Amino acid sequence: MSIVEVKVPQLSESVSEATLLTWKKRPGDKVEIDEILIEVETDKVVLEVPAPAAGVLVKFEQEDGATVAAEQVIATIDTEGKAGAAPSEVKAAPVAEKSAPAAAPAQPAAAATGSSSAVAAPSAAKLMNEKGLGAGDVAGTGRDGRITKGDVLSAGAKPAAAPAAAPKAARPALQAVAAPTKGADWLQDRPEQRVPMSRLRARVAERLLESQATNAILTTFNEVNMAPVMDLRAKYKDKFEKEHGVKLGFMSFFVKAAVHALKKYPVVNASVDGTDIVYHGYFDIGIAVGSPRGLVVPIVRNADQLSLADIEKKIAEFGQKAKDGKISLDDLTGGTFSISNGGTFGSMLSTPIINPPQSAILGVHATKDRAVVENGQIVIRPMNYLAMSYDHRIIDGREAVLALVAMKEALEDPARLLLDL
């Protein structure tokens, strides 16, 4: 037997621990080198843990949901083992026999799932015994129906044997990893569901509270007529996509307009460090992106040096990486100014919260046809409300208002971006 250890990858300097998500393999399974075994969630990103060698997974040193540190051993692989035969030290739960009764009583942790084909993690099996639950009482959400500790916590305390009477219409099983199921079934019997915060969500909450506690946040508003940008986009979008291989959206225009304004008013692109103001001679723009695990803000670096096509490509890349859980620490590090586009979800107006240590953030909203007055006449124009929150400790109202006006003017007359006016 030749044993190779599977370790937690190196975390960033600011991250001391992480949480194991769901194992993608089971003890006794064959694994290939670099095959992803599990994902590790930190308060910033989700990292993949690949198999360091080919062989057979011997055992888990840590189960789903465990808190781990960098370089900690979480599993072992036998490079000379045969698939399907887990070593003797691995106490895998037995598969139910056909003659097993439908509702078996609670058993010791290692065999708590003997009445069902579902397999429970050791921590889950122990908790099931304590709550008097049988395997048939808990719906497994892990890989191959594996029952996790969160599944047991969500199921609540119930007798091991279900009553003979037919229950009411079945209600979706509560899961500790997802939002409540929509529909009338979920609303029966006044249910409740407790879902633990992910590390990413907890970190977002911490940073938002930090921002509100340490910054003197004010928000200034303006409105912009999006017709010029919309006309430009409609005229060139097909040629643009054919030439550059990416769709021409609106966000690249907002990024360019923001950079245009930041050049005019550098303090809006600055940050506070103790009692110093740090002026940044570069423009790294954070773009707020929603992901299945929460909000992330990847950085478009040197945005002033990028074309509209380059910006669109970066935003599309970040969107896909966020969807796939592939955002890296490097993608999220830094940033001098941020843009949040609530209009994607239909927001009409909001007051965005600054992303520390930055000093300002632009909120973009839904573009809607509205009645406006031009030259004494009421006309219909596609209008968008812009909101810029700023740290009043270093940015005065004058600079904040003028910076937002500069963004408005650039969007209403895109030629300004070419002529630097």
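# Loops, a sheet and salt bridges

Let's start at a loop: asparagine 375 sits between strand E18 (368-374) and strand E19 (377-391). The strands and helices here are DSSP runs numbered from the N terminus (helices are H or I with at least four residues, strands are E with at least two). This is a predicted model, where local features need pLDDT of at least 70 and side-chain atom pairs count only at pLDDT 80 or more, while totals for chains, interfaces and linings use all residues. Residues are numbered from 1 along each chain as its sequence is written, and side-chain values use heavy atoms, with hydrogens and water left out.

- Most residues other than glycine have a negative phi, and most peptide bonds are trans.
- Asparagine 375 has a positive phi, near 55°, and its relative accessibility of 82% makes it exposed (exposed is over 50%, buried under 20%, partly exposed in between, with a 1.4 Å probe and protein chains only).
- Asparagine 302 also has a positive phi, near 50°; its place is the loop between strand E15 (299-300) and H6.
- At 33% relative accessibility, asparagine 302 is partly exposed.
- The peptide bond from proline 356 to proline 357 is cis, with omega near 5°, and proline 357 belongs to the loop between E16 and E17.

**A four-stranded sheet**

- Four strands line up as E1-E8-E6-E3 in an open sheet with antiparallel pairing (two strands pair if DSSP finds at least two bridges between them).
- At the edges are strand E1 (3-7) and strand E3 (30-31), each pairing on one side only.
- E1 and strand E8 (residues 73-78) run antiparallel, joined by five bridges; lysine 7 has valine 73 in E8 as its bridge partner.
- Aspartate 78 is part of strand E8 and is buried, at 8% relative accessibility.
- A polar atom of the aspartate 78 side chain lies 3.3 Å from the backbone nitrogen of serine 2.

**Salt bridges**

- The structure has 13 salt bridges (a side-chain nitrogen of Lys or Arg within 4 Å of a carboxyl oxygen of Asp or Glu).
- One of them joins the side chains of glutamate 35 and lysine 25, at 3.2 Å from N to O. That pair links distant parts of the chain, 10 residues apart: glutamate 35 is in the loop between E3 and strand E4 (36-41), and lysine 25 is in the loop between strand E2 (18-20) and E3.
- Glutamate 35 is partly exposed at 26% relative accessibility, whereas lysine 25 is buried at 15%.
- Glutamate 32 and lysine 30 form another, at 3.9 Å from N to O; glutamate 32 is partly exposed, at 41%, and lysine 30 is exposed, at 52%.
- In helix H6 (residues 308-324), glutamate 317 and lysine 321 are four residues apart, about one turn of the helix, and their side chains meet in a salt bridge of 3.9 Å, N to O.
- Lys314, Glu317, Lys321 and Asp331 belong to one network, joined by salt bridges that share partners.

**A nonpolar surface patch**

- Phe221, Met348 and Leu349 make a nonpolar patch on the surface, with about 300 Å² of accessible area together.
- A patch takes residues with over 30% relative accessible area and no salt bridge, joining nonpolar side chains (Val, Leu, Ile, Met, Phe, Trp, Tyr) within 5 Å and like charges within 9 Å; areas come from the Shrake-Rupley method with a 1.4 Å probe, and for residues only the protein chains shown count as cover.
- Leucine 349 is in the loop between strand E16 (337-341) and strand E17 (360-364), and at 45% relative accessibility leucine 349 is partly exposed.

Methods:
A polar contact is a pair of N or O atoms within 3.5 Å; within protein, one must be able to donate a hydrogen and the other to accept it, and residues adjacent in sequence count only if both atoms are side-chain atoms.
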